Amino acid sequence: MRDHTHLQSMNERSLAQQAAVRKATFSPSEVKELRPFSIWEISQFMFEVPADTLRKKLSEDPSLPQGSVEEDGRQRWFSLDEINELRRRLKFRGKKLLPERPKGRAVRVAVSNFKGGVGKSVVAHHLANAAALDGYRVLVIDFDPQATLTHSMGLVEVKEADTVWGIMCRDLCREADRIMAGYDDPTDCPYPSSDELPDDVRAIGEQRVQDFIQKTAWPTIDIIPSCANAAFVEFASAQYRSLHKAWSFFGCVARYLDELPRDQYDLILFDCPPAIGYQSLNAAFAADILYIPSGPGYWEYDSTTSFVGQLGDAIEDISEGFKGVAADAGISLPKTFLDIRLLMTRFEPSNPLHIAMLDAFKNVFGSDVCANAIEMTRAVEQSGRFQMSVYEQDYRQMTRDTWKRARQSFDRAYEEFKATFLRAAGEIHSQKEAGQ
Ligand SMILES: Nc1ncnc2c1ncn2[C@@H]1O[C@H](COP(=O)(O)OP(=O)(O)OP(=O)(O)O)[C@@H](O)[C@H]1O
Ligand SMILES: [Mg+2]
């Protein structure tokens with residue numbers, strides 16, 4: 001017979017093993033570090049100029065960052081900070097290296113599908129890395145208590161108060177007080193003030209906006225992490241909802257992100273759990289764009305179909321059932337997205353079944369399907385063993401061709417993603433200008 005203590009001891013043994021893996025992979029201090037990037041990578045994949053042209057520019061101006069040469073190596077390697085400085089200071093044939101930035105606030109993209117294991121976290125991780133390597137400032141939000149993205153970004157000790165669940169508790173305190181302040185006589189208010197909420201919620205209510213944001217190994221990627229306990233406390237969200245019936249519990253993260261300085265980030269990416277719940281509904285309501293990864297199998301097609309249906313129904317239910325609550329909180333319903341895109345992942349271009357499934361997706365969803373699927377690649381498997389993305393993995397640690405093919409597959413998906421998010425950025429800006 002095995003009871004809960006058996007499960008707990010399995011958990012302890014596994015956690016000890018995880019620490020050993022981290023020690024072996026990240027660095028002796030168990031802290032994830034971002035590797036430098038070689039002239040070859042910078043010239044070929046980032047600046048898209050011949051390596052010799054870049055070398056010439058560097059030798060002409062010694063005040064430019066010069067990177068460093070590894071022992072018994074010949075190439076120069078640059079940190080991302082150095083690369084970004086080069087971006088600011090260099091031009092090639094009059095062409096600037098800085099990416100086009102959103103004119104208004106950051107664009108918010110939810111990578112979401114209820115189907116488990118389709119590659120959501122891998123997609124979110126690689127898009128965040130690709131955007132940072134392209135010169136953007138990125139915030140990632142892990143909505144999934146499995147915390148895959150949090151762990152891949154190198155964070156381990158996360159408390160539930162510092163997750164999206166914490167953002168919801170803080171929001172409840174602020175909304176409770178706002179709603180109470182709307183009454184001339186507070187005793188007329190049928191809902192509690194923040195003082196009447198449970199102590200742990202009130203304590204989280206004291207946190208400041210920036211307290212939820214943590215640094216990663218990437219200088220231009222920050223994270224709002226998740227942790228296993230964030231699943232457990234999700235139950236409490238239901239209790240808080242019944243404590244305060246006028247709380248628009250689905251709008252917490254959107255309100256939170258509205259509090260961030262407009263120019264702090266260019267892009268905010270959400271990694272969503274394979275389930276519908278309070279936290280994932282917040283992701284949907286905060287998102288400008290839905291990015292829906294799906295694998296090329298029949299069951300993935302089947303559950304992607306039910307995902308879009310269920311999410312549509314959930315948003316409709318909220319749009320109808322919470323009209324008054326939302327109007328009072330300044331949320332306009334029904335919720336609209338600026339774009340919804342389907343992205344095929346783990347695709348094998350020479351597999352006839354995969355080609356047939358991609359065709360089926362395109363027949364049904366038309367131009368909402370991304371033109372560039374992400375290929376199934378051993379590079380993800382290999383780098384994933386070290387809790388890294390293909391971008392983070394040093395190409396010298398695997399077959400260069402495997403790494404290059406994988407990187408190019410993610411790069412193509414990223415270029416398409418970039419066009420989508422810049423289009424949305426333009427719409428957000430013009431809506432703001434028009435005062436909507
Ligand atoms: N392009 C790819 N090539 C090879 N393996 C991949 C690829 N994308 C994802 N995988 C593998 O598939 C598995 C699931 O990926 P991932 O964790 O990103 O899925 P998910 O949708 O986030 O899962 P969950 O629903 O549990 O959050 C992982 O082992 C990952 O390494
Ligand atoms: Mg995941």
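## Ligand shell

The shell around ligand 1 is made up of 6 nonpolar, 9 polar and 4 charged residues; in this division Ala, Val, Leu, Ile, Met, Phe, Trp, Tyr, Cys and Pro count as nonpolar, Asp, Glu, Lys and Arg as charged, and the others, Gly among them, as polar. This is a predicted model, in which local features need pLDDT of at least 70 and side-chain atom pairs count only at pLDDT 80 or more, while totals for chains, interfaces and linings use all residues. Residues are numbered from 1 along each chain as its sequence is written, and chains are lettered from A and ligands numbered from 1 in the order in which they are written.

Among the 19 residues around ligand 1, those that come nearest are G116, K120, S121, V122 and P274; a residue is near a molecule or strand if its C-beta atom, placed from the backbone, lies within 6 Å of it. Two or more residues of the shell are given by each of α5 (120-133) and α16 (378-385). Helices (H or I, at least four residues) and strands (E, at least two) are DSSP runs, numbered from the N terminus.

## The open sheet

Three strands form an open sheet in the order β1-β3-β2, with antiparallel pairing. β1 (37-38) and β2 (68-69) stand at the edges with a single partner strand each, so one side of each has no neighbour in the sheet. Two strands pair if DSSP finds at least two bridges between them.

Between β1 and β3 (residues 76-78), the antiparallel pairing extends over 2 bridges. S38 has W77 of β3 as its bridge partner.

In β6 (residues 107-111), 5 of the 5 residues are buried, so the strand is largely enclosed by the rest of the structure. V107, V109 and V111 point one way, whereas R108 and A110 point the other way. A residue is buried if 20 or more other C-beta atoms lie within 10 Å of its own, exposed if 12 or fewer, and partly exposed in between, with C-beta atoms placed from the backbone.

β6 pairs in the parallel sense with β10 (residues 267-271) over 5 bridges, and V109 has L269 as its bridge partner in β10. β6 also runs parallel to β11 (residues 289-294), to which 3 bridges join it; here V111 stands opposite Y291.

## Residue D339

D339 lies in strand β12 (residues 339-344) and counts as partly exposed, with 17 C-beta neighbours inside 10 Å. Apart from neighbours within four places in sequence, D339 is in contact (C-beta atoms, placed from the backbone, within 7 Å) with I289, T420 and A424. D339 and I167 are 172 residues apart in sequence, and their C-alpha atoms are 25 Å apart in space.

How values were computed. Two residues are in contact if their C-beta atoms, placed from the backbone, lie within 7 Å.
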